[in-house]
Amino acid sequence: MAIEHILFGTYTKRVSKGIYVADFDTESGQLSNQNLVAELGSPTYLALSKASKLYAVDKGDGEGGIAVYDYKDGHATLQQEVLTEGAAPAYVSVDESRQLVYTGNYHKGTLDVYAIAENGDLTLTDSYQSEGKGPRPEQEGTHVHFSNLTPDNRVVVADLGADKVLTFDVSSEGKLALVATFNTEAGFGPRHIRFSPDGQYAYLLGELSSKLSVLKYHEDGSFTLLQTVLMIPENWDAHNGGAAIYVSKDGRFIYTSNRGHNSIAVFAVKADGAAVEHMQWVSTEGDFPRDFALNPEENYLVAANQNTDNVSVYSRNSDTGKLSLVQKDFAIPEAIRVLFI
């Protein structure tokens, strides 16, 4: 059997102690051997560099930021904490080509850029303060929820509070230059964005609206809206929040998570990337799923439920894109981030 490894980022509000790792059997689709690898305050999002440095959201004693670990053979050794007063970031990503790390801070409404030293340590190089608000109660101010690379190596930011998607050029020294701003429909609440494999289209998840938008991505960094669809049934009237979105490597299918409806929604990509069509909802067999992940071969999907402390595994049909439940009761406390390593 072939064993893969998954890191789980968590909240530490109730029972979790930090970052966990588990084994994943790619033949049976079963998770096993949960272990705590790093004790840390609410490491809700994680990113692992090619140099085996683990960058994790870090929170404690009224400060927030990023913890840097050396991660080898299932062991995480803390080497740096970059903390400032106030809330921790919501998202962290690694730019390998420029050796930078980006964080998006929901509460502060900032995009921060850090240079990676040869030993993996971080130094702040630039910060952008977003502005604006929206019509919903959760949009009283700017809320940056996502900061990651575009296919052409710019940085794209989703501002949930201001109903905006921002595109930046980034210098090799880690300096930001805003090049485009896309405004969603009012109250959309953009949370995460992913791109088609050819870089022509983007798929924007709205947390507050429970909607998925298809955007055309242009060479100048701007976006044009092509289509918007619901991620939940039309008759669903209880609370729901869209959470994570991923695109299969072949660009044929899109997966999103729903917190409230407690489901993974499956969409088929149409018109060479320019449209989507809903195909399936599958229960996450728990409450409040946030992040999830496809394994490297993309024949499985693993979803984490924050409130019920359990992780579910699905087999994935690469021809139809549809999911089938394999395992639903694997225990990870307050699980958020799912990261195959």
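User: Which residue does Arg154 form a salt bridge with?

Analyst: Arg154 pairs with Asp152; this is a predicted model, and in it the closest N and O atoms of the two are 2.8 Å apart.

User: And is Arg154 buried or exposed?

Analyst: Arg154 counts as buried, at 13% relative accessibility. Asp152 is partly exposed, with a relative accessible area of 35%.

User: Which residues do shared partners join into one network?

Analyst: Lys53, Asp70 and Lys72 are joined that way, through salt bridges that share partners.

User: How far apart are the closest N and O atoms of Lys72 and Asp70?

Analyst: They are 3.4 Å apart, and the pair forms a salt bridge.

User: Why does Asp70 count as buried?

Analyst: Asp70 has a relative accessible area of 18%, and buried means under 20%, so Asp70 falls in that class. Lys72 is partly exposed, with a relative accessible area of 41%.

User: Switching to Arg98. What is its salt-bridge partner?

Analyst: Asp95 is the partner of Arg98, with the closest N and O atoms 2.8 Å apart.

User: Buried or exposed, for Asp95?

Analyst: Asp95 is buried, with a relative accessible area of 0%. Arg98 is buried as well, with a relative accessible area of 18%.

User: Last one. How many salt bridges does the count come to?

Analyst: The count comes to 12 salt bridges. Among them are Arg154 with Asp152, Lys72 with Asp70 and Arg98 with Asp95.

Note on methods
Residues are numbered from 1 along each chain as its sequence is written. This is a predicted model: local features need pLDDT of at least 70, side-chain atom pairs count only at pLDDT 80 or more; totals for chains, interfaces and linings use all residues. Side-chain values use heavy atoms; hydrogens and water are left out. A salt bridge is a side-chain nitrogen of Lys or Arg within 4 Å of a carboxyl oxygen of Asp or Glu. Buried means under 20% relative accessible area, exposed over 50%, partly exposed in between (1.4 Å probe, protein chains only).
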